[in-house]
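Hi everyone, thanks for coming. Let me put the model up on the screen, and then we'll walk through it together.

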Amino acid sequence: MQSLSKVFVIGLDGVPLDLIEAWIERGHLPRLKSLIERGVTGKLKSTVPHTSGPAWSSFMTGKNPGKTGVYDFLYRDKDSYSFLPNNTHTRGGKAIWDILSEEGLKVGVMNVPMTYPVAPVNGALISGFLTPYYAKDYFYPADLLERLEVKIGQKYYVYPLETFNDSNPQAYFDASHKMLDMQTASISFLMEDLDWNFMMGVFFDTDRILHQVWHYLDPKHPMRKQDAEIDKSGPVIEYFDHLDRCIGQLVDQAGPEANIIVMSDHGMGAAHNMITLNTWLLNHKHIQLKGSPFTQLKRILFRLGFTLRFSHRLLALFKLEKHAEYKLLYSADKILKKVFLSFNDVDWKRTAVYSVGRDIGPLFINLKGREPLGVVESGEEYTRLRSSLAQAASAMTDPKTGTKLARRVLFREDVYTGPYLDMAPDLIIEPGDEDVFYGLSDFGSNQVYEPFYRYSGMHRAHGMLVMHGPDFKTNERIQGAEIIDLAPTILHALGRAIPDDMDGRPLTAAFKHPGDPQYRAVAQDRGETTQDSGYSHEESYDIEDRLRKLGYLG
Amino acid sequence: MMQILDQAGLTLLTDQLRKADLDNERGYYEYEPVKLMKDGELAWMRSARGKAVKIISHLLVHLPASNHYQVIFMLRNLPEVVASQNRMLENKGEKGTTSAANEDLVRIFSAHLQATRRWLADQPNIQTVFVDYNRLIQNPAKTLGTVEGFLGLSLERPEILSIVDPKSYRQRAGS
């Protein structure tokens with residue numbers, strides 16, 4: 001086992017290795033180039049689905065979603081047909097910084113998605129994406145933010161201040177550069193402030209930029225019909241060159257004794273079309289609507305095009321996207337469900353299948369005993385329905401070209417193992433490269449298959465991995481690395497035993513002197529929050545008051 | 001469920017201090033010290049071995065890990081739970097909640113249930129069986145069959161099945 005004292009992880013959300021290497025070849029990104037040349041590099045396989053919620057949760061725990069219970073940003077509520085945002089309370093498994101904290105190592109963690117509500121660590125933690133927009137308790141310890149803001153000389157903020165709008169892209173890029181500087185200064189502060197063994201910072205804007213302006217890099221993208229001859233890649237590459245300088249600065253500050261890991265949770269590529277699965281299920285009568293006049297009116301409006309897609313057009317028209325992007329994230333769902341055709345209008349007692357989730361096509365069977373108004377019997381009926389759905393999904397085609405839309409169809413037990421398997425979709429339909437399953441709002445569009453909008457880029461299964469430092473090999477390629485391998489790899493690099501309930505394996509091929517990884521039996525990994533009631537502090541007070549009045553508490 | 005367990009021959013740990021009332025005509029089957037578990041009141045655990053005791057889900061996480069437990073987790077349609085609680089509060093002269101607040105309560109209880117289920121799944125010293133209250137009322141024989149296997153007790157007896165009384169199922173959601 002190694003006995004190294006420092007690991008520094010730089011997370012670049014949603015960055016594919018191919019893109020980085022292509023830019024390096026064109027003379028950009030000198031610091032990443034140097035890390036690659038003097039380190040071990042490869043593609044990093046994400047989770048299924050390859051979205052940030054499950055991917056970062058699996059990164060931090062070393063476990064597949066069957067053990068974290070995080071299959072999407074949202075989880076399926078067992079007692080209703082509503083879907084709630086995942087957070088650290090709903091995640092199974094301990095995060096690597098919790099394990100290291102328990103072992104007395106000092107940790108610093110900044111802006112990793114899915115880390116709110118924050119739990120105490122032996123060091124400092126600032127939560128990242130999916131922190132509620134107006135939350136004020138997203139850091140630990142209590143005095144951290146004040147000291148950080150004094151040091152960096154400005155307010156710290158979790159979410160970007162601008163959303164991309166083609167009419168003024170410069171404002172968007174300017175805000176992204178400012179955020180990059182602010183985040184770099186913040187990681188730098190944590191490194192200075194702590195005598196750390198493990199440090200990690202995530203740059204989430206990389207994902208956002210590639211989602212929103214992938215077409216700037218791809219003249220053949222359908223969104224570039226008007227100006228395909230112009231090279232618009234400049235501002236994107238400029239941002240990544242700036243990021244490269246920031247990475248260089250932080251790597252220098254970490255010092256030559258630190259092992260550096262630059263990684264991304266998934267890749268990115270062009271997005272051309274979207275598939276709205278609930279509309280497909282509605283057309284195939286797997287979803288049945290209520291007969292009430294209000295629902296029927298909504299259905300007529302839906303057919304006429306009054307959908308979430310329509311509302312996005314309106315937001316864009318009035319330049320309100322930036323208010324909607326994060327502030328209303330998920331919280332607006334209740335209103336949208338009332339306005340547009342939604343699961344509120346579904347007659348669950350006559351509905352066999354529904355879909356919730358994004359990117360990949362997740363199908364849930366309305367199962368008796370699992371769903372509150374389940375109609376499908378487990379056993380033979382479930383098996384028969386699932387097989388017929390798999391067949392029907394495999395036969396979905398692009399109406400214009402006849403091309404099949406599903407790359408493959410998976411049953412959940414083919415992909416996941418663990419105590420939270422029952423929360424997984426029953427069936428997963430993987431789309432082709434340039435198609436996206438559209439998961440926003442229950443029935444986001446009245447078309448099953450149509451050109452994508454809002455984003456020009458969407459996720460791919462493989463991100464990037466670069467490992468550089470005194471104990472990693474130099475100028476090597478690594479094959480077959482997965483995101484679940486990083487937690488055990490970091491533990492191994494820090495000379496710590498690996499809990500035997502992690503699904504990942506230490507990437508020993510990357511080490512100069514790999515030694516024998518040490519494992520320890522884990523009788524129970526409760527995760528950091530499993531003793532939590534599931535209530536926020538405020539809610540907890542209200543609920544306890546109610547239970548006391550009811551005579552249930554002393 | 002407490003009456004069913006009583007009839008099946010399990011010894012109940014209850015002090016009968018909380019008397020039957022309009023909301024629960026058959027009594028509450030509670031044990032007052034349980035309600036102080038959160039404050040560290042665990043001395044009663046010694047006398048609980050081999051007995052059945054009623055604990056609200058909110059307090060399960062305070063069970064000491066040094067014992068083994070079999071938990072019969074009663075689930076009920078959450079809007080019904082909130083409606084039933086509101087009615088109890090009103091009968092006690094406390095204010096209930098508005099329909100908008102009811103929605104929030106359902107959401108909060110739902111998140112709590114989710115977290116509790118996860119916690120239970122992670123406890124090697126706790127075995128859990130989930131019993132759906134609404135299904136128990138509709139089909140007692142089938143539902144009690146699950147509990148029967150879990151406890152190793154015979155429950156499908158007429159005197160036990162007769163305990164499940166649809167008349168006690170008053171507080172349907174929205175009613």
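Okay, one term before anything else: a salt bridge is a side-chain nitrogen of Lys or Arg within 4 Å of a carboxyl oxygen of Asp or Glu. Now the ground rules. This is a predicted model, so local features need pLDDT of at least 70, side-chain atom pairs count only at pLDDT 80 or more, and totals for chains, interfaces and linings use all residues. Residues are numbered from 1 along each chain as its sequence is written, chains are lettered from A and ligands numbered from 1 in the order in which they are written, and side-chain values use heavy atoms, with hydrogens and water left out.

So, how many salt bridges does the structure hold over all chains? The count is 32. One of them joins the side chains of K67(A) and D503(A), at 2.8 Å from N to O. K67(A) sits in helix 4 of chain A, while D503(A) is in the loop between strand 22 (498-499) and strand 23 (519-520), so this pair ties together parts that are 436 residues apart in sequence.

Is D503(A) buried, partly exposed or exposed? With a relative accessible area of 30%, D503(A) is partly exposed. Buried means under 20% relative accessible area, exposed means over 50%, and partly exposed is in between, using a 1.4 Å probe and protein chains only.

Another salt bridge links D485(A) and R505(A), at 3.5 Å from N to O. D485(A) is in the loop between strand 21 (481-482) and helix 17 (486-493), and R505(A) is in the loop between strand 22 and strand 23, so that pair ties together parts 20 residues apart in sequence. D485(A) is buried, at 2%, whereas R505(A) is partly exposed, at 42%.

Over in chain B, K35(B) and E32(B) also meet in a salt bridge, 2.8 Å from N to O. K35(B) counts as buried at 8%, and E32(B) is partly exposed at 28%. Back in chain A, R370(A), E371(A), R412(A) and D426(A) are linked in a network of salt bridges.

Let's return to helix 4 (residues 65-68), where we also find T68(A). T68(A) is buried, with a relative accessible area of 0%. Contact means heavy atoms within 4.5 Å. Leaving aside neighbours within four places in sequence, the contacts of T68(A) include S57(A), T61(A), Y420(A) and, from chain B, R118(B).

Next up is L427(A), in strand 15 (residues 427-431) of chain A. L427(A) is buried too, at 1% relative accessibility. Not counting residues up to four places away in sequence, L427(A) touches several residues, among them G361(A), L389(A), V409(A) and F411(A).

Last stop: helix packing. Helix 2 (residues 30-37) and helix 9 (residues 234-254) of chain A pack at about 55°, with their axes 7 Å apart. That makes helix 2 of chain A oblique to helix 9 of chain A. For the angle classes, under 35 degrees is roughly parallel, over 145 roughly antiparallel, 65 to 115 roughly perpendicular, and the rest oblique. The axes are lines fitted to C-alpha atoms, for helices over the stretch in contact, and angles run from 0 to 180 degrees between N-to-C directions. On the helix 2 side, the contact residues include P30(A) and L35(A), and on the helix 9 side they include I247(A) and V251(A).

Conventions: Helix = DSSP H or I, 4+ residues; strand = E, 2+ residues; numbered from the N terminus.
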